Amino acid sequence: MDADSTMGQDRVMERFWTKVQKGPGCWLWTASTRNRYGQFWFDGRTQPAHRVAWQLTYGPIQDVASKGRMREQKKTHCPQGHPYAKANLIMRGNGDRRCRICANRVEQARRPRHRADRPRRRAQEI
Ligand SMILES: [Zn+2]
């Protein structure tokens, strides 16, 4: 298990990419697979190959999510970046905060599309 920690990042990358056969449209995983995702031992556990590829390229996923600035943004903004300001903030009974813009978008997405495209149709039918 300690093989990874004694190996440098370059060795890990080398080990990883030897299992990837790069094709014109996609990368073919040539090592072990579980379901349809490639599996690779990385950072002390077996992980999906696409996750490892991301971490080798951009750094640990965990670090990005736990950065203080990201947490701060979650408190004052919804995941889409809308501010939790008074007019846009929906407080729920359990203390959860919801973004009104996103809530409206979800609501609109649930409605059949043709009704949104022709808003006056309904009135004419009545
Ligand atoms: Zn929002």
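## A walk through a predicted fold

Apart from neighbours within four places in sequence, L89 has contacts with Y84 and R97, a contact being a pair of C-beta atoms, placed from the backbone, that lie within 7 Å. L89 belongs to strand 6 (residues 89-91); helices (H or I, at least four residues) and strands (E, at least two) are DSSP runs, numbered from the N terminus. L89 is partly exposed because 14 C-beta neighbours lie inside 10 Å. For reference, a residue is buried if 20 or more other C-beta atoms lie within 10 Å of its own, exposed if 12 or fewer, and partly exposed in between.

Before going further, a word on the model. It is a predicted one: local features need pLDDT of at least 70, side-chain atom pairs count only at pLDDT 80 or more, and totals for chains, interfaces and linings use all residues. Residues are numbered from 1 along each chain as its sequence is written.

### Confidence and overall make-up

The pLDDT, which is the predictor's confidence in each residue from 0 to 100, averages 71 over the protein, and 59% of the residues score at least 70. Where pLDDT is low, the predicted coordinates should not be read in detail.

In secondary structure, the protein has eight helices and seven strands. Of its 126 residues, 5% are buried. If you take the contacts between residues at least 6 apart in sequence, 14% of them join residues at least 24 apart.

### Helix 3 and its surroundings

Helix 3 (residues 49-58) has A49, V52 and A53 as its buried residues. Seen down the helix axis, these buried residues fall within an arc of 100 degrees, so they line one face of helix 3; the arc is that of the directions from the helix axis to the C-beta atoms. An α-helix has 3.6 residues a turn, so residues three or four places apart point the same way. Just after helix 3 comes G59, with a positive phi of about 105 degrees.

V52 is also one of the contacts of Q47, along with F40 and F42, leaving aside neighbours within four places in sequence. Q47 sits in strand 5 (residues 45-48) and is partly exposed, because 19 C-beta neighbours lie inside 10 Å. W17 is part of helix 2 (residues 9-17) and counts as partly exposed, since 13 other C-beta atoms lie within 10 Å.

A103 is part of helix 6. It is partly exposed because 13 other C-beta atoms lie within 10 Å. Beyond four places in sequence, A103 is in contact with I90 and R98.

Here are some C-alpha to C-alpha distances for residues discussed above.

| Pair | Separation along the chain | C-alpha distance |
|---|---|---|
| L89 and C78 | eleven residues | 9.4 Å |
| A103 and N88 | 15 residues | 9.7 Å |

Note on methods. Contact = placed C-beta atoms within 7 Å.
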